[in-house]
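Here is a short note to read alongside the model. The points are numbered so that each can be checked on screen.

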Amino acid sequence: MKKKKFWITVLVLLFILVSVFYYMQYASNVKKEENVRTGIPIGKEYIKKYYRADFIFKSYDYIGSYVNNTVHLIGYIKGHEDQPISIAYDFKKKEVLSVTGPDWFIDSRYPKKNVPPN
């Protein structure tokens, strides 16, 4: 009888641990999606303001807060679907950190970033 009670206790504890793990994964995924959803309009507005272009969001690359607070919003500029653009978005500060993409696009930034005074 003691063996049976022991194994039932082990199974119950295992079930609880697995349930907690899955809940933590679910909560983490919900937070990631929320960070991406808030970043998309901020990234689009940044591209519109500084590059005078329309950013079309396709996917994201999430770098969790264990490293830093950045999510990379990946997409393209309307009319240039074959050339990816990536917006590094800080979801804690709610601001765009940088934009990467083809040279012709990055060079089109206005006003230019880090231009020394004349």
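This is a predicted model: local features need pLDDT of at least 70, side-chain atom pairs count only at pLDDT 80 or more; totals for chains, interfaces and linings use all residues.

1. Start with the aromatic cluster. Y51, W104 and F105 are joined by ring pairs.

2. How many aromatic pairs does the count come to? There are six aromatic pairs. One of them joins F21 and Y22 in an edge-to-face arrangement, 5.7 Å from centre to centre and with 70° between the planes. F21 is partly exposed because its relative accessibility is 48%. Y22, at 55%, counts as exposed.

3. Another pair is formed by Y46 and Y50. These rings are tilted, with 50° between the planes and 4.7 Å between the centres. Both residues belong to helix α1, which covers residues 2-51. They are four residues apart, about one turn of the helix. Y46 is buried, with a relative accessibility of 13%; the cut-off for buried is under 20%.

4. Now the overall layout. The protein chain has two helices and four strands. Along the sequence the pattern reads α-β-β-β-β-α.

5. Which strands stand at the edges of the sheet? The sheet is open, has four strands in the order β1-β2-β3-β4, and is paired antiparallel. β1 (55-63) and β4 (95-100) are the edge strands. Each has a single partner strand, so one side of each lacks a neighbour in the sheet. On average, neighbouring strands are turned by 30° against each other, direction ignored.

6. Helix α1 packs on this sheet. The helix touches β1, β2, β3 and β4. Its direction makes about 130° with that of β1.

7. Take the strand pairs in order. β1 and β2 run antiparallel and share eight bridges. In this pair, D61 stands opposite H72 of β2. β2 (residues 70-77) and β3 (residues 80-90) are also antiparallel, again over eight bridges. Here I74 faces S86 in β3. β3 and β4 are antiparallel too, joined by five bridges. I87 has V99 in β4 as its bridge partner.

8. Two hairpins deserve a look. β2 and β3 form a hairpin with two residues between them. In that turn, G79 has a positive phi of about 95°. β3 and β4 form a hairpin with four residues between them. There, K94 in the turn has a positive phi of about 55°.

9. Is β2 enclosed or open to the outside? β2 is largely enclosed by the rest of the structure, because six of its eight residues are buried. Across the protein chain, buried residues make up 26% of the 118 residues.

10. P102 sits in the loop between β4 and α2 (103-106). P102 counts as buried because its relative accessible area is 19%, and the limit is under 20%. Which residues does P102 touch, leaving aside those up to four places away in sequence? The contacts are Q83, P84 and I85. I85 is 17 residues from P102 in sequence, yet the two C-alpha atoms are 7.5 Å apart in space.

11. Last, the overall dimensions. The radius of gyration of the protein chain is 22 Å. A compact globule of 118 residues would have a value near 13 Å. The C-alpha atoms fill a box of roughly 85 × 30 × 20 Å along the principal axes. Of the contacts between residues at least 6 apart in sequence, 34% join residues at least 24 apart.

Conventions:
Residues are numbered from 1 along each chain as its sequence is written. Side-chain values use heavy atoms; hydrogens and water are left out. Rings of Phe, Tyr and Trp (its six-membered ring) pair if their centres lie within 6.5 Å; planes under 30 degrees apart count as stacked, over 60 as edge-to-face and the rest as tilted. Buried means under 20% relative accessible area, exposed over 50%, partly exposed in between (1.4 Å probe, protein chains only). Two strands pair if DSSP finds at least two bridges between them. Axes are lines fitted to C-alpha atoms, for helices over the stretch in contact, and angles run from 0 to 180 degrees between N-to-C directions. Contact means heavy atoms within 4.5 Å. The radius of gyration is taken over C-alpha atoms; the globule rule is 2.2 Å times the number of residues to the power 0.38.
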